[in-house]
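These are my notebook entries on a structure that I looked through piece by piece. I wrote down each thing I looked up, together with the rule behind each term.

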Amino acid sequence: MAEPFALFVLEDILLISIQEDIDDRDISRLIDRSLVTAKEKSVVAVIIDMQNVDVVDSYLASNISHLAASLSAMEIGSLIVGLKVPAVMTLLDFGVSFEHTDFALDLEQGLKKIGRCIEKKDSRPFLG
Amino acid sequence: MKEIAEFSPNEGFLSEIINAIPSGIFVTDRENTIMMINKAGAAMVGRTPGDCFDRKCYEIFDTPMCQTEACTCRKAIEKESVNTGQTVLRLAGKEIPIEYASRPLRNLEGEIIGCVEHFIDISDRLEKERIILEQQEQLLKKREEDIRHLQDEILELSTPVIEVWDGILALPLVGTLDSHRAKIAMERLLEAIERTRSSFVIIDITGVPTVDAEVANHIIQTIDAARLMGSEAILTGISPHIARTIAKLDVRLGDITVRGRMTDALHLAINALNSSRSALDTLKKDLGG
(Lines give C-alpha, C1' and ligand atoms only; values in the text may rest on other atoms or scores of the structure.)
Protein backbone atom coordinates (compact mmCIF):
# COMPACT_ATOMS: atom_id res chain seq x y z
CA MET A 1 0.00 0.00 0.00
CA ALA A 2 1.25 3.47 -0.88
CA GLU A 3 2.32 5.49 2.08
CA PRO A 4 0.31 8.63 2.88
CA PHE A 5 3.47 10.70 2.82
CA ALA A 6 6.49 11.10 0.57
CA LEU A 7 10.07 12.35 1.14
CA PHE A 8 12.16 13.98 -1.58
CA VAL A 9 15.68 15.34 -1.30
CA LEU A 10 16.36 18.34 -3.58
CA GLU A 11 19.97 19.41 -3.17
CA ASP A 12 20.11 20.83 0.37
CA ILE A 13 16.39 20.65 0.97
CA LEU A 14 14.22 17.80 2.23
CA LEU A 15 10.66 17.99 0.97
CA ILE A 16 7.97 16.15 2.93
CA SER A 17 4.58 15.84 1.28
CA ILE A 18 1.73 14.76 3.54
CA GLN A 19 -1.50 13.28 2.18
CA GLU A 20 -5.02 13.70 3.52
CA ASP A 21 -5.52 10.18 4.92
CA ILE A 22 -2.48 10.01 7.19
CA ASP A 23 -3.18 8.08 10.40
CA ASP A 24 -1.48 8.20 13.80
CA ARG A 25 0.89 5.26 13.12
CA ASP A 26 1.99 6.78 9.81
CA ILE A 27 2.63 10.09 11.56
CA SER A 28 5.21 8.64 13.94
CA ARG A 29 6.85 6.75 11.05
CA LEU A 30 6.92 10.03 9.10
CA ILE A 31 8.65 11.83 11.99
CA ASP A 32 11.29 9.09 12.39
CA ARG A 33 12.08 8.81 8.70
CA SER A 34 12.17 12.59 8.21
CA LEU A 35 14.66 13.09 11.02
CA VAL A 36 16.87 10.21 9.86
CA THR A 37 16.83 11.37 6.22
CA ALA A 38 17.50 14.98 7.19
CA LYS A 39 20.56 13.86 9.15
CA GLU A 40 21.84 11.42 6.52
CA LYS A 41 21.60 13.86 3.63
CA SER A 42 22.73 16.80 5.85
CA VAL A 43 20.05 19.12 4.50
CA VAL A 44 19.80 22.77 5.55
CA ALA A 45 16.03 23.04 5.45
CA VAL A 46 12.94 20.87 5.51
CA ILE A 47 9.76 21.86 3.71
CA ILE A 48 6.58 20.23 4.99
CA ASP A 49 3.90 20.42 2.33
CA MET A 50 0.38 20.31 3.82
CA GLN A 51 -1.63 21.40 0.82
CA ASN A 52 -3.36 18.03 0.52
CA VAL A 53 -4.44 18.05 4.16
CA ASP A 54 -7.88 19.54 4.73
CA VAL A 55 -8.39 18.48 8.31
CA VAL A 56 -5.68 18.79 10.94
CA ASP A 57 -6.26 16.95 14.22
CA SER A 58 -4.46 17.76 17.45
CA TYR A 59 -2.19 14.71 17.14
CA LEU A 60 -0.92 15.70 13.71
CA ALA A 61 -0.54 19.34 14.82
CA SER A 62 1.49 18.52 17.93
CA ASN A 63 3.65 16.04 16.00
CA ILE A 64 4.45 18.54 13.25
CA SER A 65 5.34 21.07 15.95
CA HIS A 66 7.49 18.39 17.60
CA LEU A 67 9.20 17.60 14.29
CA ALA A 68 10.01 21.30 13.79
CA ALA A 69 11.45 21.56 17.31
CA SER A 70 13.57 18.41 16.74
CA LEU A 71 14.87 19.76 13.43
CA SER A 72 15.70 23.04 15.10
CA ALA A 73 17.69 21.12 17.70
CA MET A 74 19.63 19.55 14.79
CA GLU A 75 20.21 23.04 13.36
CA ILE A 76 17.92 22.40 10.43
CA GLY A 77 15.34 24.99 9.46
CA SER A 78 11.76 23.96 8.77
CA LEU A 79 9.06 25.51 6.68
CA ILE A 80 5.41 24.50 6.58
CA VAL A 81 3.74 25.31 3.26
CA GLY A 82 0.24 25.17 1.84
CA LEU A 83 -1.81 25.23 5.04
CA LYS A 84 -5.47 25.68 4.17
CA VAL A 85 -7.89 28.12 5.84
CA PRO A 86 -9.84 25.49 7.85
CA ALA A 87 -6.56 23.93 8.97
CA VAL A 88 -5.26 27.34 10.08
CA MET A 89 -8.44 28.03 12.06
CA THR A 90 -8.14 24.64 13.77
CA LEU A 91 -4.48 25.17 14.60
CA LEU A 92 -5.28 28.56 16.17
CA ASP A 93 -8.04 26.91 18.22
CA PHE A 94 -5.66 24.18 19.41
CA GLY A 95 -3.16 26.85 20.37
CA VAL A 96 -0.24 24.68 19.16
CA SER A 97 2.90 26.80 19.21
CA PHE A 98 5.00 26.69 16.07
CA GLU A 99 7.98 28.59 17.41
CA HIS A 100 10.61 26.66 15.53
CA THR A 101 9.20 26.88 12.09
CA ASP A 102 8.28 29.30 9.34
CA PHE A 103 5.38 29.21 6.92
CA ALA A 104 4.84 29.82 3.22
CA LEU A 105 1.78 29.88 1.00
CA ASP A 106 2.92 27.12 -1.32
CA LEU A 107 5.97 25.17 -2.42
CA GLU A 108 7.11 27.88 -4.84
CA GLN A 109 6.97 30.62 -2.22
CA GLY A 110 8.59 28.30 0.27
CA LEU A 111 11.56 27.74 -2.07
CA LYS A 112 11.75 31.53 -2.54
CA LYS A 113 11.88 32.05 1.20
CA ILE A 114 14.69 29.54 1.58
CA GLY A 115 16.45 31.10 -1.41
CA ARG A 116 16.34 34.49 0.32
CA CYS A 117 18.00 33.04 3.38
CA ILE A 118 20.68 31.23 1.38
CA GLU A 119 21.42 34.41 -0.55
CA LYS A 120 22.02 36.20 2.71
CA LYS A 121 24.72 33.59 3.39
CA ASP A 122 22.58 32.25 6.20
CA SER A 123 23.10 28.59 5.52
CA ARG A 124 20.79 27.54 8.36
CA PRO A 125 17.52 29.36 7.83
CA PHE A 126 14.45 29.49 10.05
CA LEU A 127 15.90 28.44 13.34
CA GLY A 128 13.38 29.31 16.01
CA MET B 1 -83.56 40.52 51.94
CA LYS B 2 -86.35 42.95 51.50
CA GLU B 3 -84.13 45.41 49.64
CA ILE B 4 -83.24 42.90 46.94
CA ALA B 5 -86.78 41.70 46.63
CA GLU B 6 -87.84 45.24 45.96
CA PHE B 7 -85.93 45.14 42.67
CA SER B 8 -87.50 41.96 41.36
CA PRO B 9 -87.30 41.52 37.58
CA ASN B 10 -89.75 43.23 35.24
CA GLU B 11 -90.54 45.76 37.89
CA GLY B 12 -89.91 49.45 37.84
CA PHE B 13 -87.72 51.84 35.93
CA LEU B 14 -84.48 50.74 37.62
CA SER B 15 -84.93 47.19 36.43
CA GLU B 16 -85.65 48.55 32.93
CA ILE B 17 -82.27 50.27 33.03
CA ILE B 18 -80.55 47.17 34.34
CA ASN B 19 -82.16 45.08 31.63
CA ALA B 20 -81.05 47.59 29.03
CA ILE B 21 -77.38 47.18 29.99
CA PRO B 22 -75.74 45.01 27.30
CA SER B 23 -73.52 43.10 29.75
CA GLY B 24 -74.57 40.54 32.33
CA ILE B 25 -75.49 41.54 35.86
CA PHE B 26 -76.89 39.28 38.57
CA VAL B 27 -77.37 39.37 42.31
CA THR B 28 -77.01 36.34 44.59
CA ASP B 29 -77.59 35.87 48.26
CA ARG B 30 -74.98 34.33 50.55
CA GLU B 31 -76.06 30.82 49.49
CA ASN B 32 -75.48 31.57 45.75
CA THR B 33 -79.20 31.72 44.97
CA ILE B 34 -79.90 34.13 42.14
CA MET B 35 -82.11 36.92 43.46
CA MET B 36 -82.06 38.95 40.28
CA ILE B 37 -80.55 38.77 36.80
CA ASN B 38 -80.75 41.07 33.79
CA LYS B 39 -81.74 40.02 30.28
CA ALA B 40 -78.25 40.20 28.81
CA GLY B 41 -76.85 37.98 31.60
CA ALA B 42 -79.51 35.33 31.08
CA ALA B 43 -79.29 35.62 27.28
CA MET B 44 -75.60 34.81 27.41
CA VAL B 45 -76.48 31.25 28.47
CA GLY B 46 -79.56 31.18 26.24
CA ARG B 47 -82.13 31.75 28.97
CA THR B 48 -84.57 34.39 30.10
CA PRO B 49 -84.37 36.09 33.52
CA GLY B 50 -87.46 34.16 34.59
CA ASP B 51 -85.66 30.79 34.06
CA CYS B 52 -82.82 31.78 36.31
CA PHE B 53 -84.63 33.37 39.18
CA ASP B 54 -84.35 31.56 42.53
CA ARG B 55 -81.89 28.98 41.20
CA LYS B 56 -78.23 28.50 42.23
CA CYS B 57 -75.91 30.57 40.10
CA TYR B 58 -73.62 27.56 39.46
CA GLU B 59 -76.59 25.72 37.92
CA ILE B 60 -77.06 28.49 35.39
CA PHE B 61 -73.45 29.46 34.75
CA ASP B 62 -70.72 26.88 34.38
CA THR B 63 -67.21 28.18 34.96
CA PRO B 64 -64.05 26.41 36.21
CA MET B 65 -64.23 28.34 39.49
CA CYS B 66 -67.82 27.62 40.41
CA GLN B 67 -68.24 25.90 43.82
CA THR B 68 -64.53 26.25 44.55
CA GLU B 69 -62.47 28.50 46.78
CA ALA B 70 -62.03 30.77 43.76
CA CYS B 71 -65.76 31.62 43.49
CA THR B 72 -65.78 35.33 42.91
CA CYS B 73 -68.83 35.96 45.10
CA ARG B 74 -67.29 34.03 47.98
CA LYS B 75 -64.05 35.98 47.58
CA ALA B 76 -65.81 39.34 47.39
CA ILE B 77 -67.77 38.55 50.53
CA GLU B 78 -64.65 37.31 52.35
CA LYS B 79 -62.61 40.35 51.34
CA GLU B 80 -65.57 42.67 51.81
CA SER B 81 -64.45 44.47 48.66
CA VAL B 82 -64.49 44.27 44.86
CA ASN B 83 -63.10 41.11 43.30
CA THR B 84 -62.28 41.10 39.59
CA GLY B 85 -60.78 38.63 37.16
CA GLN B 86 -61.14 36.63 33.97
CA THR B 87 -62.40 33.11 33.35
CA VAL B 88 -64.32 31.12 30.76
CA LEU B 89 -68.00 30.38 30.61
CA ARG B 90 -68.68 26.83 29.41
CA LEU B 91 -71.75 26.61 27.23
CA ALA B 92 -72.76 23.79 24.87
CA GLY B 93 -69.19 22.50 24.56
CA LYS B 94 -67.75 25.92 23.83
CA GLU B 95 -65.76 28.20 26.08
CA ILE B 96 -66.58 31.91 26.10
CA PRO B 97 -63.91 34.08 27.72
CA ILE B 98 -65.46 36.50 30.22
CA GLU B 99 -64.28 39.23 32.53
CA TYR B 100 -66.10 39.62 35.83
CA ALA B 101 -66.34 41.99 38.78
CA SER B 102 -68.12 41.20 42.06
CA ARG B 103 -68.95 43.36 44.98
CA PRO B 104 -70.57 42.39 48.28
CA LEU B 105 -74.09 43.72 48.73
CA ARG B 106 -75.11 45.20 52.07
CA ASN B 107 -78.55 45.88 53.53
CA LEU B 108 -79.52 49.13 55.19
CA GLU B 109 -77.96 47.96 58.47
CA GLY B 110 -74.61 47.48 56.68
CA GLU B 111 -74.40 43.71 56.95
CA ILE B 112 -73.45 41.69 53.88
CA ILE B 113 -76.44 39.86 52.51
CA GLY B 114 -75.15 38.78 49.12
CA CYS B 115 -73.14 39.75 46.10
CA VAL B 116 -73.57 41.66 42.85
CA GLU B 117 -71.69 40.19 39.92
CA HIS B 118 -71.11 41.87 36.61
CA PHE B 119 -69.62 40.05 33.65
CA ILE B 120 -68.93 40.70 29.98
CA ASP B 121 -68.07 38.53 27.00
CA ILE B 122 -64.49 39.42 26.00
CA SER B 123 -64.06 37.05 23.01
CA ASP B 124 -63.90 39.98 20.60
CA ARG B 125 -61.46 41.87 22.76
CA LEU B 126 -59.20 38.85 23.23
CA GLU B 127 -59.30 38.19 19.49
CA LYS B 128 -58.29 41.79 18.83
CA GLU B 129 -55.58 41.62 21.47
CA ARG B 130 -54.31 38.42 19.86
CA ILE B 131 -54.19 40.14 16.46
CA ILE B 132 -52.40 43.16 17.92
CA LEU B 133 -49.90 40.89 19.64
CA GLU B 134 -49.36 38.95 16.44
CA GLN B 135 -48.79 42.14 14.50
CA GLN B 136 -46.41 43.41 17.16
CA GLU B 137 -44.48 40.16 16.98
CA GLN B 138 -44.33 40.38 13.20
CA LEU B 139 -43.12 43.97 13.42
CA LEU B 140 -40.49 43.02 15.99
CA LYS B 141 -39.36 40.08 13.88
CA LYS B 142 -39.12 42.28 10.82
CA ARG B 143 -37.17 44.87 12.76
CA GLU B 144 -34.80 42.24 14.10
CA GLU B 145 -34.31 40.97 10.56
CA ASP B 146 -33.65 44.49 9.34
CA ILE B 147 -31.14 45.07 12.12
CA ARG B 148 -29.39 41.77 11.40
CA HIS B 149 -29.32 42.61 7.73
CA LEU B 150 -27.81 46.01 8.49
CA GLN B 151 -25.26 44.45 10.83
CA ASP B 152 -24.23 42.02 8.11
CA GLU B 153 -24.00 44.90 5.68
CA ILE B 154 -21.81 46.88 8.08
CA LEU B 155 -19.62 43.83 8.66
CA GLU B 156 -19.30 43.41 4.92
CA LEU B 157 -18.42 47.07 4.51
CA SER B 158 -16.12 47.30 7.47
CA THR B 159 -13.74 44.44 6.68
CA PRO B 160 -12.64 44.95 3.09
CA VAL B 161 -9.56 43.06 1.94
CA ILE B 162 -7.78 45.06 -0.75
CA GLU B 163 -5.13 43.86 -3.19
CA VAL B 164 -2.80 46.85 -3.20
CA TRP B 165 0.06 45.22 -5.11
CA ASP B 166 0.90 41.89 -6.68
CA GLY B 167 1.27 39.67 -3.66
CA ILE B 168 0.38 42.36 -1.13
CA LEU B 169 -3.00 42.58 0.61
CA ALA B 170 -4.25 45.40 2.82
CA LEU B 171 -6.81 45.01 5.58
CA PRO B 172 -7.80 48.44 6.86
CA LEU B 173 -9.73 47.99 10.08
CA VAL B 174 -12.25 50.71 10.92
CA GLY B 175 -14.29 51.06 14.11
CA THR B 176 -14.45 48.96 17.21
CA LEU B 177 -13.45 45.33 16.87
CA ASP B 178 -15.52 42.76 18.74
CA SER B 179 -14.94 39.01 18.68
CA HIS B 180 -17.52 38.48 15.95
CA ARG B 181 -16.11 41.14 13.64
CA ALA B 182 -12.54 40.07 14.32
CA LYS B 183 -13.41 36.48 13.42
CA ILE B 184 -15.08 37.54 10.17
CA ALA B 185 -12.18 39.83 9.26
CA MET B 186 -9.76 36.98 9.92
CA GLU B 187 -11.67 34.47 7.82
CA ARG B 188 -11.98 36.89 4.92
CA LEU B 189 -8.31 37.73 5.12
CA LEU B 190 -7.29 34.06 5.12
CA GLU B 191 -9.55 33.33 2.17
CA ALA B 192 -8.06 36.30 0.31
CA ILE B 193 -4.52 35.10 1.08
CA GLU B 194 -5.35 31.64 -0.23
CA ARG B 195 -7.02 33.05 -3.35
CA THR B 196 -4.42 35.67 -4.26
CA ARG B 197 -1.38 33.80 -2.90
CA SER B 198 -0.13 37.02 -1.34
CA SER B 199 2.99 36.81 0.72
CA PHE B 200 2.41 40.10 2.54
CA VAL B 201 -0.57 41.44 4.45
CA ILE B 202 -0.71 44.98 5.76
CA ILE B 203 -3.14 45.34 8.65
CA ASP B 204 -3.89 49.01 9.17
CA ILE B 205 -5.55 50.06 12.42
CA THR B 206 -5.64 53.82 11.82
CA GLY B 207 -9.44 53.63 11.95
CA VAL B 208 -9.60 51.74 15.23
CA PRO B 209 -10.32 54.29 17.98
CA THR B 210 -9.31 52.28 21.04
CA VAL B 211 -7.70 48.96 21.76
CA ASP B 212 -8.29 46.85 24.84
CA ALA B 213 -6.74 43.51 25.75
CA GLU B 214 -9.43 41.63 23.83
CA VAL B 215 -9.03 43.66 20.64
CA ALA B 216 -5.23 43.42 20.87
CA ASN B 217 -5.52 39.65 21.11
CA HIS B 218 -7.82 39.55 18.11
CA ILE B 219 -5.28 41.49 16.06
CA ILE B 220 -2.44 39.26 17.21
CA GLN B 221 -4.48 36.17 16.43
CA THR B 222 -5.16 37.49 12.92
CA ILE B 223 -1.43 38.06 12.45
CA ASP B 224 -0.71 34.53 13.73
CA ALA B 225 -3.26 33.14 11.31
CA ALA B 226 -1.65 35.00 8.40
CA ARG B 227 1.73 33.61 9.47
CA LEU B 228 0.40 30.04 9.51
CA MET B 229 -0.91 30.60 5.99
CA GLY B 230 2.63 31.56 5.00
CA SER B 231 2.00 35.25 4.64
CA GLU B 232 3.87 37.90 6.54
CA ALA B 233 1.72 40.46 8.35
CA ILE B 234 2.78 44.07 8.85
CA LEU B 235 0.88 46.13 11.40
CA THR B 236 0.55 49.83 10.64
CA GLY B 237 -1.32 52.88 11.85
CA ILE B 238 -0.78 52.51 15.58
CA SER B 239 -1.81 55.85 17.06
CA PRO B 240 0.02 57.29 20.09
CA HIS B 241 -3.06 56.57 22.17
CA ILE B 242 -3.13 52.90 21.12
CA ALA B 243 0.64 52.63 21.51
CA ARG B 244 0.29 53.70 25.13
CA THR B 245 -2.52 51.21 25.72
CA ILE B 246 -0.48 48.41 24.16
CA ALA B 247 2.51 49.30 26.34
CA LYS B 248 0.30 49.33 29.40
CA LEU B 249 -1.42 46.05 28.52
CA ASP B 250 1.96 44.37 28.09
CA VAL B 251 0.90 42.77 24.80
CA ARG B 252 3.68 40.85 23.08
CA LEU B 253 4.41 42.73 19.86
CA GLY B 254 8.02 41.54 19.66
CA ASP B 255 7.70 39.12 16.78
CA ILE B 256 5.26 41.29 14.82
CA THR B 257 6.53 43.56 12.08
CA VAL B 258 5.29 47.07 12.79
CA ARG B 259 5.60 50.12 10.53
CA GLY B 260 4.38 53.62 11.16
CA ARG B 261 2.58 54.32 7.94
CA MET B 262 1.00 52.17 5.27
CA THR B 263 3.59 53.65 2.85
CA ASP B 264 6.49 52.29 4.89
CA ALA B 265 4.85 48.89 5.04
CA LEU B 266 4.36 48.93 1.25
CA HIS B 267 8.02 49.82 0.73
CA LEU B 268 9.10 46.99 2.99
CA ALA B 269 6.86 44.46 1.27
CA ILE B 270 7.71 45.51 -2.30
CA ASN B 271 11.45 45.45 -1.58
CA ALA B 272 11.15 42.02 -0.02
CA LEU B 273 9.17 40.75 -3.00
CA ASN B 274 11.70 42.16 -5.50
CA SER B 275 14.65 40.64 -3.73
CA SER B 276 13.15 37.21 -3.38
CA ARG B 277 14.45 34.50 -5.67
CA SER B 278 13.84 30.84 -5.60
CA ALA B 279 16.22 28.66 -3.66
CA LEU B 280 16.56 26.60 -6.83
CA ASP B 281 17.74 29.71 -8.76
CA THR B 282 20.33 30.35 -6.09
CA LEU B 283 21.42 26.77 -6.19
CA LYS B 284 21.64 26.86 -9.99
CA LYS B 285 23.70 30.04 -9.81
CA ASP B 286 25.92 28.48 -7.17
CA LEU B 287 26.39 25.37 -9.27
CA GLY B 288 27.01 27.42 -12.44
CA GLY B 289 29.43 29.74 -10.70
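**Entry 1: two helices of chain B**

Which hand does the crossing of α8(B) and α9(B) have, left-handed or right-handed? I found that the crossing of α8(B) and α9(B) is right-handed, where a crossing is called left-handed if the near helix is turned anticlockwise from the far one by less than a right angle, and right-handed if clockwise. Before going on I noted that this is a predicted model, in which local features need pLDDT of at least 70 and side-chain atom pairs count only at pLDDT 80 or more, while totals for chains, interfaces and linings use all residues. I also noted that residues are numbered from 1 along each chain as its sequence is written, that chains are lettered from A and ligands numbered from 1 in the order in which they are written, and that side-chain values use heavy atoms, with hydrogens and water left out.

Helix α8 of chain B covers residues 179–196 and helix α9 of chain B covers residues 213–229, and their axes come within 10 Å and cross at roughly 15°. Helices (H or I, at least four residues) and strands (E, at least two) are DSSP runs, numbered from the N terminus. Axes are lines fitted to C-alpha atoms, for helices over the stretch in contact, and angles run from 0 to 180 degrees between N-to-C directions. I therefore wrote down α8(B) and α9(B) as roughly parallel to each other, since angles under 35 degrees count as roughly parallel, over 145 as roughly antiparallel, 65 to 115 as roughly perpendicular and the rest as oblique.

**Entry 2: chain A and its helices**

I then turned to chain A, which has four helices and five strands, and which reads β-β-α-β-α-β-α-β-α along its sequence. Of its 128 residues, 54% count as buried; buried means under 20% relative accessible area, exposed over 50%, and partly exposed in between (1.4 Å probe, protein chains only).

The axes of α1(A) and helix α2 of chain A (residues 58–73) come within 11 Å and cross at roughly 10°, so α1(A) and α2(A) are roughly parallel to each other. Their crossing is right-handed.

I also looked up a pair from two chains: the axes of helix α3 of chain A (residues 85–94) and α8(B) come within 10 Å and cross at roughly 140°. That angle makes α3(A) oblique to α8(B), and α3(A) passes α8(B) in a right-handed crossing.

**Entry 3: salt bridges**

Side chains of opposite charge can pair when their charged atoms come close.

In chain A, the side chains of D26(A) and R29(A) meet in a salt bridge, at 2.6 Å from N to O. Why are D26(A) and R29(A) separated by about one helical turn? They are three residues apart in helix α1 of chain A (residues 24–40), which means about one turn between them. D26(A) is buried, with a relative accessible area of 9%, whereas R29(A) is partly exposed at 37%. I noted as well that E3(A), D26(A), R29(A) and R33(A) are linked in a network of salt bridges.

In chain B, E127(B) forms a salt bridge with R130(B), their closest N and O atoms being 2.9 Å apart. Both lie in helix α7 of chain B (residues 123–158), three residues apart, about one turn of the helix. E127(B) is partly exposed at 37% relative accessibility, and R130(B) is partly exposed at 42%.

Another salt bridge in chain B joins R106(B) and E80(B), with the closest N and O atoms 3.6 Å apart. This pair links distant parts of the chain, 26 residues apart: R106(B) is in strand β4 (residues 94–106), and E80(B) is in the loop between α6 (72–79) and β3 (83–91). R106(B) counts as partly exposed at 40% relative accessibility, and E80(B) is partly exposed at 48%.

**Entry 4: one more residue of helix α7**

Q136(B) lies in helix α7 of chain B and counts as partly exposed at 46% relative accessibility. The C-alpha atoms of Q136(B) and Q86(B) are separated by 23 Å, the two residues being 50 apart along the chain.

How values were computed: A salt bridge is a side-chain nitrogen of Lys or Arg within 4 Å of a carboxyl oxygen of Asp or Glu.
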